[in-house]
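Welcome! Here is a short tour of a protein model, taken one region at a time. Keep the structure open as you read.

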Amino acid sequence: MIPAPEVRLGVLLTTNRHGQQSDAEVFARALALAERAEESGIDDLWVTEHHFSEASISPSALALAAFLLGRTRRIRVGTAVTLLPLHSPVHVAEQAALLDQLSGGRFHLGVGRGMPLIDYEVIGGGGKYWHGGMGEDLELVLRAWQGEVSGRSELYSFPPVTTLPRPRERSGPPVHVAGGSAATISTAAERGLPLLLFFDKDAEAKAEMIALHRKHAVAAGHPASGYDHAFALFAHVTDDGDEAERLMRDRARHLVESAQLARFMTGAPRKPGSAAQRAAAIDSVAEGLLDTQPVGGVETCVDRIVHHILTSGAGRVLCQIESVGTAPGALRNLERLTTEVFPTVRERVSRAWPERDGRGSS
(Lines give C-alpha, C1' and ligand atoms only; values in the text may rest on other atoms or scores of the structure.)
Protein backbone atom coordinates (compact mmCIF):
# COMPACT_ATOMS: atom_id res chain seq x y z
CA MET A 1 0.00 0.00 0.00
CA ILE A 2 1.25 3.50 -0.82
CA PRO A 3 1.86 5.35 2.48
CA ALA A 4 -0.49 8.14 3.48
CA PRO A 5 0.95 11.65 3.24
CA GLU A 6 1.33 13.82 6.30
CA VAL A 7 -1.64 16.18 6.47
CA ARG A 8 -0.53 19.79 6.81
CA LEU A 9 -3.14 22.55 6.72
CA GLY A 10 -1.90 26.02 5.86
CA VAL A 11 -2.97 29.48 4.74
CA LEU A 12 -2.30 31.06 1.34
CA LEU A 13 -2.07 34.86 1.62
CA THR A 14 -2.82 36.27 -1.81
CA THR A 15 -2.78 39.97 -0.78
CA ASN A 16 -5.66 40.70 -3.13
CA ARG A 17 -7.22 44.16 -3.15
CA HIS A 18 -10.97 44.16 -2.58
CA GLY A 19 -12.90 47.20 -3.75
CA GLN A 20 -11.12 50.47 -2.99
CA GLN A 21 -8.80 49.14 -0.28
CA SER A 22 -5.45 50.90 0.04
CA ASP A 23 -2.14 49.06 -0.14
CA ALA A 24 -1.78 49.59 3.62
CA GLU A 25 -5.14 47.94 4.30
CA VAL A 26 -4.26 44.93 2.14
CA PHE A 27 -0.96 44.36 3.95
CA ALA A 28 -2.47 45.01 7.39
CA ARG A 29 -4.98 42.23 6.69
CA ALA A 30 -2.23 39.86 5.56
CA LEU A 31 -0.10 40.55 8.63
CA ALA A 32 -3.08 40.13 11.00
CA LEU A 33 -3.87 36.76 9.39
CA ALA A 34 -0.24 35.64 9.57
CA GLU A 35 -0.01 36.49 13.26
CA ARG A 36 -3.32 34.77 14.05
CA ALA A 37 -2.29 31.71 12.04
CA GLU A 38 0.88 31.44 14.13
CA GLU A 39 -1.17 31.68 17.34
CA SER A 40 -3.78 29.16 16.24
CA GLY A 41 -1.40 26.34 15.33
CA ILE A 42 -1.75 26.48 11.53
CA ASP A 43 1.07 24.49 9.91
CA ASP A 44 2.15 26.79 7.05
CA LEU A 45 1.89 30.26 5.55
CA TRP A 46 2.31 30.72 1.80
CA VAL A 47 2.66 33.98 -0.15
CA THR A 48 2.42 34.91 -3.83
CA GLU A 49 4.24 37.03 -6.42
CA HIS A 50 2.49 39.36 -8.88
CA HIS A 51 3.67 42.39 -10.83
CA PHE A 52 1.93 45.46 -12.26
CA SER A 53 -1.49 44.38 -10.99
CA GLU A 54 -3.94 46.57 -9.11
CA ALA A 55 -5.74 43.47 -7.87
CA SER A 56 -2.87 41.37 -6.48
CA ILE A 57 -0.23 43.29 -4.57
CA SER A 58 2.92 41.29 -3.85
CA PRO A 59 5.87 42.02 -6.15
CA SER A 60 8.26 39.79 -4.17
CA ALA A 61 7.20 36.51 -2.61
CA LEU A 62 10.72 36.11 -1.21
CA ALA A 63 10.65 39.53 0.49
CA LEU A 64 7.20 38.96 1.97
CA ALA A 65 8.21 35.49 3.14
CA ALA A 66 11.31 36.96 4.79
CA PHE A 67 9.23 39.54 6.63
CA LEU A 68 6.75 36.93 7.86
CA LEU A 69 9.53 34.58 8.96
CA GLY A 70 10.91 37.44 11.03
CA ARG A 71 7.51 38.12 12.60
CA THR A 72 6.87 34.46 13.52
CA ARG A 73 8.67 31.79 15.53
CA ARG A 74 7.06 28.43 14.76
CA ILE A 75 5.07 28.41 11.54
CA ARG A 76 6.66 27.40 8.23
CA VAL A 77 6.56 30.00 5.42
CA GLY A 78 6.69 29.28 1.69
CA THR A 79 6.37 31.02 -1.67
CA ALA A 80 3.47 30.03 -3.92
CA VAL A 81 5.15 30.89 -6.05
CA THR A 82 8.44 32.64 -6.77
CA LEU A 83 8.41 33.22 -10.54
CA LEU A 84 11.72 31.45 -11.05
CA PRO A 85 12.47 32.12 -14.77
CA LEU A 86 11.81 35.84 -14.12
CA HIS A 87 14.82 36.08 -11.81
CA SER A 88 18.44 34.98 -11.67
CA PRO A 89 18.22 31.39 -10.42
CA VAL A 90 21.54 31.67 -8.62
CA HIS A 91 20.32 34.77 -6.78
CA VAL A 92 17.10 32.93 -5.87
CA ALA A 93 19.23 30.07 -4.53
CA GLU A 94 21.24 32.52 -2.40
CA GLN A 95 18.12 34.17 -0.99
CA ALA A 96 16.42 30.86 -0.27
CA ALA A 97 19.52 29.59 1.56
CA LEU A 98 19.63 32.82 3.57
CA LEU A 99 15.98 32.41 4.64
CA ASP A 100 16.62 28.74 5.37
CA GLN A 101 19.46 29.68 7.73
CA LEU A 102 17.84 32.69 9.42
CA SER A 103 14.54 30.89 10.01
CA GLY A 104 16.06 27.71 11.42
CA GLY A 105 14.74 25.67 8.48
CA ARG A 106 11.19 27.06 8.34
CA PHE A 107 11.31 28.22 4.71
CA HIS A 108 9.85 26.43 1.66
CA LEU A 109 10.65 27.55 -1.88
CA GLY A 110 7.70 27.14 -4.23
CA VAL A 111 8.54 27.98 -7.85
CA GLY A 112 6.68 28.38 -11.12
CA ARG A 113 6.83 30.41 -14.30
CA GLY A 114 3.41 32.10 -14.19
CA MET A 115 1.72 33.46 -17.28
CA PRO A 116 3.55 34.95 -20.32
CA LEU A 117 3.14 38.48 -19.00
CA ILE A 118 5.01 41.71 -19.63
CA ASP A 119 6.88 40.99 -16.38
CA TYR A 120 9.35 39.00 -18.47
CA GLU A 121 10.14 42.04 -20.62
CA VAL A 122 10.34 44.57 -17.79
CA ILE A 123 12.02 42.54 -15.02
CA GLY A 124 13.28 39.36 -16.70
CA GLY A 125 15.31 38.65 -19.79
CA GLY A 126 12.42 38.35 -22.23
CA GLY A 127 10.10 35.68 -23.54
CA LYS A 128 12.78 33.06 -24.10
CA TYR A 129 13.07 32.63 -20.33
CA TRP A 130 9.34 32.05 -19.95
CA HIS A 131 9.35 29.53 -22.79
CA GLY A 132 12.53 27.63 -21.98
CA GLY A 133 13.93 28.57 -18.62
CA MET A 134 12.10 26.50 -16.01
CA GLY A 135 14.06 23.26 -16.17
CA GLU A 136 17.43 24.94 -16.42
CA ASP A 137 16.53 27.36 -13.63
CA LEU A 138 15.71 24.49 -11.30
CA GLU A 139 18.98 22.76 -12.15
CA LEU A 140 20.96 25.90 -11.34
CA VAL A 141 19.17 26.41 -8.01
CA LEU A 142 19.77 22.81 -6.93
CA ARG A 143 23.40 22.84 -8.08
CA ALA A 144 24.07 26.15 -6.32
CA TRP A 145 22.98 24.60 -3.03
CA GLN A 146 25.20 21.55 -3.53
CA GLY A 147 28.45 23.31 -4.43
CA GLU A 148 30.11 25.20 -7.26
CA VAL A 149 27.76 26.25 -10.07
CA SER A 150 28.33 27.67 -13.55
CA GLY A 151 26.27 28.42 -16.64
CA ARG A 152 27.10 27.30 -20.16
CA SER A 153 23.92 27.70 -22.19
CA GLU A 154 22.12 30.18 -24.39
CA LEU A 155 20.08 31.36 -21.41
CA TYR A 156 22.75 31.38 -18.70
CA SER A 157 26.46 31.82 -19.25
CA PHE A 158 28.71 32.63 -16.28
CA PRO A 159 31.93 31.32 -14.69
CA PRO A 160 31.97 28.97 -11.71
CA VAL A 161 30.88 30.51 -8.41
CA THR A 162 30.07 29.22 -4.95
CA THR A 163 27.03 30.81 -3.34
CA LEU A 164 26.88 31.85 0.30
CA PRO A 165 25.42 31.21 2.77
CA ARG A 166 25.16 27.47 2.35
CA PRO A 167 21.74 26.02 3.17
CA ARG A 168 21.28 24.04 6.36
CA GLU A 169 21.19 20.81 4.35
CA ARG A 170 23.17 20.19 1.16
CA SER A 171 19.93 19.51 -0.71
CA GLY A 172 18.65 22.94 0.30
CA PRO A 173 15.27 23.92 1.71
CA PRO A 174 12.18 22.05 0.48
CA VAL A 175 11.14 22.92 -3.08
CA HIS A 176 7.68 22.66 -4.64
CA VAL A 177 7.08 23.09 -8.38
CA ALA A 178 3.82 24.61 -9.60
CA GLY A 179 2.47 22.11 -12.11
CA GLY A 180 -0.01 23.16 -14.74
CA SER A 181 1.13 21.14 -17.74
CA ALA A 182 2.58 17.74 -18.58
CA ALA A 183 5.93 19.37 -19.35
CA THR A 184 6.14 21.04 -15.93
CA ILE A 185 5.09 17.84 -14.17
CA SER A 186 7.90 16.04 -15.98
CA THR A 187 10.35 18.81 -15.02
CA ALA A 188 9.50 18.33 -11.34
CA ALA A 189 9.39 14.54 -11.38
CA GLU A 190 12.72 14.13 -13.19
CA ARG A 191 14.35 16.06 -10.35
CA GLY A 192 12.49 14.26 -7.59
CA LEU A 193 10.55 17.38 -6.58
CA PRO A 194 6.89 17.51 -5.45
CA LEU A 195 4.08 19.37 -7.19
CA LEU A 196 2.10 22.42 -6.13
CA LEU A 197 -1.36 22.46 -7.74
CA PHE A 198 -3.92 25.26 -7.85
CA PHE A 199 -7.62 26.12 -7.87
CA ASP A 200 -8.25 25.31 -11.51
CA LYS A 201 -7.88 21.54 -10.98
CA ASP A 202 -10.52 19.42 -9.24
CA ALA A 203 -9.56 16.46 -7.04
CA GLU A 204 -9.71 13.95 -9.89
CA ALA A 205 -7.51 16.12 -12.13
CA LYS A 206 -5.02 16.44 -9.28
CA ALA A 207 -4.93 12.65 -8.96
CA GLU A 208 -4.19 12.29 -12.68
CA MET A 209 -1.38 14.86 -12.49
CA ILE A 210 0.19 13.13 -9.49
CA ALA A 211 -0.08 9.78 -11.28
CA LEU A 212 1.77 11.32 -14.26
CA HIS A 213 4.38 12.66 -11.84
CA ARG A 214 4.83 9.15 -10.43
CA LYS A 215 5.36 7.72 -13.92
CA HIS A 216 8.04 10.28 -14.80
CA ALA A 217 9.72 10.00 -11.39
CA VAL A 218 10.09 6.22 -11.69
CA ALA A 219 11.39 6.56 -15.25
CA ALA A 220 14.03 8.99 -13.96
CA GLY A 221 15.13 6.57 -11.23
CA HIS A 222 13.34 8.29 -8.33
CA PRO A 223 10.91 6.65 -5.87
CA ALA A 224 7.26 6.32 -6.88
CA SER A 225 5.93 7.66 -3.58
CA GLY A 226 6.86 9.78 -0.61
CA TYR A 227 6.46 13.20 -2.28
CA ASP A 228 5.08 16.14 -0.32
CA HIS A 229 2.61 17.21 -3.02
CA ALA A 230 0.59 20.32 -2.17
CA PHE A 231 -2.51 22.03 -3.51
CA ALA A 232 -4.44 25.28 -3.02
CA LEU A 233 -8.15 25.71 -2.33
CA PHE A 234 -10.51 28.53 -1.55
CA ALA A 235 -11.77 27.81 1.97
CA HIS A 236 -14.53 29.71 3.76
CA VAL A 237 -17.08 28.65 6.35
CA THR A 238 -20.41 30.32 5.60
CA ASP A 239 -23.78 30.30 7.33
CA ASP A 240 -25.83 29.86 4.16
CA GLY A 241 -25.61 28.95 0.49
CA ASP A 242 -26.23 32.51 -0.68
CA GLU A 243 -23.08 33.71 1.04
CA ALA A 244 -21.06 30.87 -0.50
CA GLU A 245 -22.37 31.72 -3.96
CA ARG A 246 -21.64 35.42 -3.50
CA LEU A 247 -18.07 34.77 -2.38
CA MET A 248 -17.26 32.36 -5.21
CA ARG A 249 -18.90 34.54 -7.84
CA ASP A 250 -16.76 37.43 -6.62
CA ARG A 251 -13.63 35.25 -6.82
CA ALA A 252 -14.63 34.04 -10.28
CA ARG A 253 -15.04 37.63 -11.41
CA HIS A 254 -11.61 38.46 -9.98
CA LEU A 255 -9.96 35.52 -11.76
CA VAL A 256 -11.61 36.22 -15.13
CA GLU A 257 -11.13 39.99 -15.08
CA SER A 258 -7.54 39.72 -13.86
CA ALA A 259 -6.78 37.47 -16.83
CA GLN A 260 -8.54 39.86 -19.19
CA LEU A 261 -6.67 42.92 -17.87
CA ALA A 262 -3.27 41.25 -17.66
CA ARG A 263 -0.59 42.76 -19.90
CA PHE A 264 0.90 39.93 -21.93
CA MET A 265 4.35 39.87 -23.50
CA THR A 266 4.73 41.49 -26.87
CA GLY A 267 3.59 39.02 -29.49
CA ALA A 268 1.88 36.69 -27.04
CA PRO A 269 -1.41 35.46 -28.52
CA ARG A 270 -4.42 37.02 -26.85
CA LYS A 271 -8.07 37.30 -27.84
CA PRO A 272 -9.94 39.76 -25.63
CA GLY A 273 -13.45 38.50 -24.99
CA SER A 274 -16.67 40.43 -25.37
CA ALA A 275 -18.78 41.43 -22.37
CA ALA A 276 -21.05 38.45 -23.03
CA GLN A 277 -18.07 36.09 -23.20
CA ARG A 278 -16.69 37.48 -19.93
CA ALA A 279 -20.05 37.03 -18.24
CA ALA A 280 -20.25 33.44 -19.49
CA ALA A 281 -16.69 32.77 -18.28
CA ILE A 282 -17.51 34.16 -14.83
CA ASP A 283 -20.60 31.94 -14.64
CA SER A 284 -18.59 28.88 -15.64
CA VAL A 285 -15.73 29.56 -13.21
CA ALA A 286 -18.14 30.33 -10.36
CA GLU A 287 -20.02 27.09 -10.97
CA GLY A 288 -16.79 25.12 -10.93
CA LEU A 289 -15.64 26.74 -7.69
CA LEU A 290 -18.98 26.12 -5.99
CA ASP A 291 -18.84 22.45 -7.03
CA THR A 292 -15.29 21.79 -5.83
CA GLN A 293 -14.08 24.28 -3.21
CA PRO A 294 -14.57 24.00 0.58
CA VAL A 295 -16.86 27.00 0.77
CA GLY A 296 -20.16 26.62 2.64
CA GLY A 297 -21.24 25.02 5.90
CA VAL A 298 -18.83 23.19 8.19
CA GLU A 299 -19.70 19.75 6.80
CA THR A 300 -19.29 20.95 3.22
CA CYS A 301 -15.85 22.36 4.03
CA VAL A 302 -14.76 19.17 5.78
CA ASP A 303 -16.09 16.93 3.02
CA ARG A 304 -14.42 18.91 0.23
CA ILE A 305 -10.99 19.10 1.88
CA VAL A 306 -11.06 15.41 2.80
CA HIS A 307 -12.14 14.50 -0.74
CA HIS A 308 -9.26 16.45 -2.27
CA ILE A 309 -6.71 14.85 0.06
CA LEU A 310 -7.92 11.27 -0.28
CA THR A 311 -8.58 11.44 -4.02
CA SER A 312 -5.36 13.19 -5.01
CA GLY A 313 -3.01 11.67 -2.45
CA ALA A 314 -1.58 15.13 -1.65
CA GLY A 315 -1.56 16.04 2.03
CA ARG A 316 -0.33 19.64 2.15
CA VAL A 317 -3.24 22.07 1.74
CA LEU A 318 -2.98 25.81 1.07
CA CYS A 319 -6.26 27.47 2.08
CA GLN A 320 -7.01 30.85 0.53
CA ILE A 321 -9.13 32.37 3.30
CA GLU A 322 -9.41 36.03 2.23
CA SER A 323 -12.42 35.75 -0.10
CA VAL A 324 -14.56 37.92 2.18
CA GLY A 325 -12.10 40.78 1.67
CA THR A 326 -12.14 42.41 5.10
CA ALA A 327 -9.67 41.70 7.90
CA PRO A 328 -12.37 40.97 10.52
CA GLY A 329 -14.19 38.63 8.13
CA ALA A 330 -11.02 36.78 7.15
CA LEU A 331 -9.95 36.45 10.80
CA ARG A 332 -13.36 35.05 11.72
CA ASN A 333 -13.10 32.59 8.85
CA LEU A 334 -9.64 31.49 10.02
CA GLU A 335 -10.99 30.93 13.52
CA ARG A 336 -13.87 28.79 12.28
CA LEU A 337 -11.60 26.75 10.01
CA THR A 338 -9.08 26.04 12.77
CA THR A 339 -11.69 25.16 15.40
CA GLU A 340 -14.59 23.63 13.45
CA VAL A 341 -13.11 22.23 10.22
CA PHE A 342 -9.43 21.29 10.43
CA PRO A 343 -9.61 18.97 13.48
CA THR A 344 -12.31 16.90 11.78
CA VAL A 345 -10.37 16.85 8.51
CA ARG A 346 -7.32 15.43 10.27
CA GLU A 347 -9.38 12.81 12.09
CA ARG A 348 -11.30 11.68 8.99
CA VAL A 349 -8.20 11.42 6.81
CA SER A 350 -6.40 9.44 9.52
CA ARG A 351 -9.36 7.09 9.86
CA ALA A 352 -10.07 6.70 6.13
CA TRP A 353 -6.59 6.34 4.68
CA PRO A 354 -5.86 2.74 5.76
CA GLU A 355 -8.93 1.67 3.80
CA ARG A 356 -7.53 3.06 0.53
CA ASP A 357 -5.89 0.82 -2.06
CA GLY A 358 -3.33 3.42 -3.11
CA ARG A 359 -4.89 4.38 -6.44
CA GLY A 360 -4.36 7.98 -7.40
CA SER A 361 -1.79 8.53 -4.66
CA SER A 362 1.91 9.29 -4.70
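## Salt bridges

R332 is partly exposed, because its relative accessible area is 44%; buried means under 20%, exposed over 50%, and partly exposed in between, with a 1.4 Å probe and protein chains only. R332 forms a salt bridge with E335, and their closest N and O atoms are 3.6 Å apart. A salt bridge here is a side-chain nitrogen of Lys or Arg within 4 Å of a carboxyl oxygen of Asp or Glu. R332 and E335 are three residues apart in helix 12 (residues 327–352), so about one helical turn separates them. E335 counts as partly exposed too, at 40% relative accessibility. Salt bridges that share partners also join E6, R8, D44, D228 and R316 into one network.

In total, the structure holds 20 salt bridges. Another of them pairs D283 with R249, the closest N and O atoms being 2.8 Å apart. This pair links distant parts of the chain: D283 is in helix 10 and R249 in helix 9, 34 residues apart.

## How to read this model

This is a predicted model, in which local features need pLDDT of at least 70 and side-chain atom pairs count only at pLDDT 80 or more, while totals for chains, interfaces and linings use all residues. Residues are numbered from 1 along each chain as its sequence is written, and side-chain values use heavy atoms, leaving out hydrogens and water. Helices (H or I, at least four residues) and strands (E, at least two) are DSSP runs, numbered from the N terminus.

## The two sides of helix 10

Which residues of helix 10 are buried? They are I282, A286 and L289. These residues cover an arc of only 65 degrees around the axis, so they lie on the same side of helix 10; the arc is that of the directions from the helix axis to the C-beta atoms. The face turned away from the buried side carries the exposed residues A276, Q277, E287 and D291.

What covers the buried residues of helix 10 includes strand 10 (230–234) and helix 9 (241–261).

## A buried strand residue

V237 lies in strand 11 (residues 236–237). V237 counts as buried because its relative accessibility is 5%. Leaving aside residues up to four places away in sequence, V237 touches G296, V298, C301, N333, R336, L337 and V341, where contact means heavy atoms within 4.5 Å.
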